[in-house]
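Here is a walk through one structure, from a strand pair to a sheet and on to the pockets. Keep the model open beside the text.

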Amino acid sequence: MQRSLAALIAIIALAGCTSTPPPATTQTSNPIITNIFTADPAPIVHDGRLYLYVGHDEATGDQMFNITEWRVYSTDDMQTWTDHGPIMKPKDFKWAIRDAWASEPIERDGKFWLYTAVEHDDTDVGKAIGVAVSDSPTGPFHDALGHALVANSNTDGPHVWDDIDPTVFEDDDGTFWLYWGNANLYYAPLAPDMTSFAAPIQKVDLTNFEEGPWLFKRDSLYYMAYAGIDEAENENEQLYYSTAPTVTGPWTYRGKLMGPGENSFTIHPGIVEFKGDWYLFYHNAALNIDGEDGAIGRRSVRAEHLYFNEDGTIQPVTATAEGLTLPRQD
Ligand code: FUB
């Protein structure tokens, strides 16, 4: 009797030693940056780090936006962020006067090319796409061309701010593609110099498209996520996406990715795979800094996990204040 009791105790003790404790999880929170207002997140991965490009919005009072510079942050674990500070201002383009609007960088042969939207000076009108270059993902960036890559006069849009929100992508054959636009979605292949186009600018219609395109590829499918408006449902922008078998289409509308941003007319996607998991970056205007409430301007960037279904469609994402549970819990 005594022997079997001792054996039982030994078995229980052994089981206690060998059972694996549940993995420790960490919870991040949204927004990611809380000391300044930031908009239009653009994440890229380079050498095991995720670099996040944002516009720094200094709007006050009734100002819509006052985005004065682009800044970059980086992380290697999605929890701890390093602030690399400002990397460029709109006036670093001699032909631009203000508005560090949405931008996206890409690396080619050790150089980092930043495609970005700014307000043109009075030698053209409205918004334009500029291209800047740096030897490092953290800048500093300088104008690579000396004039706009796309000025308002180069496209046939319904208004003067249709040339904004560039998204840049390298296809499997080594061709780099630029998509951009507001109301109209334009695209063209970049020439090897990255500062000119290899073919004429074309236009494509995507359901509900408004602005903020973000092009990426997963397995054999091309994805275009974007901010769009479905007025029957909501007067504010929401995130939608379409997919295609090639980088130029044909695009199939796949529905809504995320509902409208809190307090915000705009929303803006940035999607990336990092260390095996996919993330959706976006912005809303839920942050309050020193009494400056969120508004159409004064937005802040955030991140959520992104889940794909077996057939390549994406599960709709809900904006959370809790942010990411790491490691990801499936
Ligand atoms: O942040 C300024 C503009 O608002 C961006 O270019 C658009 O995508 C929208 O987020």
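Start at Y226, which stands opposite Y240 in strand 17. This is a predicted model, where local features need pLDDT of at least 70, side-chain atom pairs count only at pLDDT 80 or more, and totals for chains, interfaces and linings use all residues. Residues are numbered from 1 along each chain as its sequence is written, and side-chain values use heavy atoms, leaving out hydrogens and water.

Strand 16 (residues 221-228) and strand 17 (residues 238-244) run antiparallel, joined by 7 bridges. Strands here are DSSP runs of E, at least two residues, numbered from the N terminus; two of them pair if DSSP finds at least two bridges between them.

Now widen the view. An open sheet of 4 strands has the order 15-16-17-18, with antiparallel pairing. Strand 15 and strand 18 (252-258) each have a single partner strand, so one side of each edge strand lacks a neighbour in the sheet. From one strand to the next, the twist averages 25 degrees (axes are lines fitted to C-alpha atoms, with angles from 0 to 180 degrees between N-to-C directions).

Turn to the largest pocket, with a volume of about 480 Å³. Of its 20 lining residues, P43, I44, V45, I106 and V272 are the closest to its centre. Strand 15 (209-218) is one of the elements giving two or more residues to this lining. A pocket is an open set of points on a 1 Å grid over the protein atoms alone, where a 1.4 Å probe fits, with protein on both sides within 12 Å along at least five of seven lines; lining residues have an atom within 4 Å of a point. The volume is the space filled by probe spheres set on the points, which are joined across faces, edges and corners.
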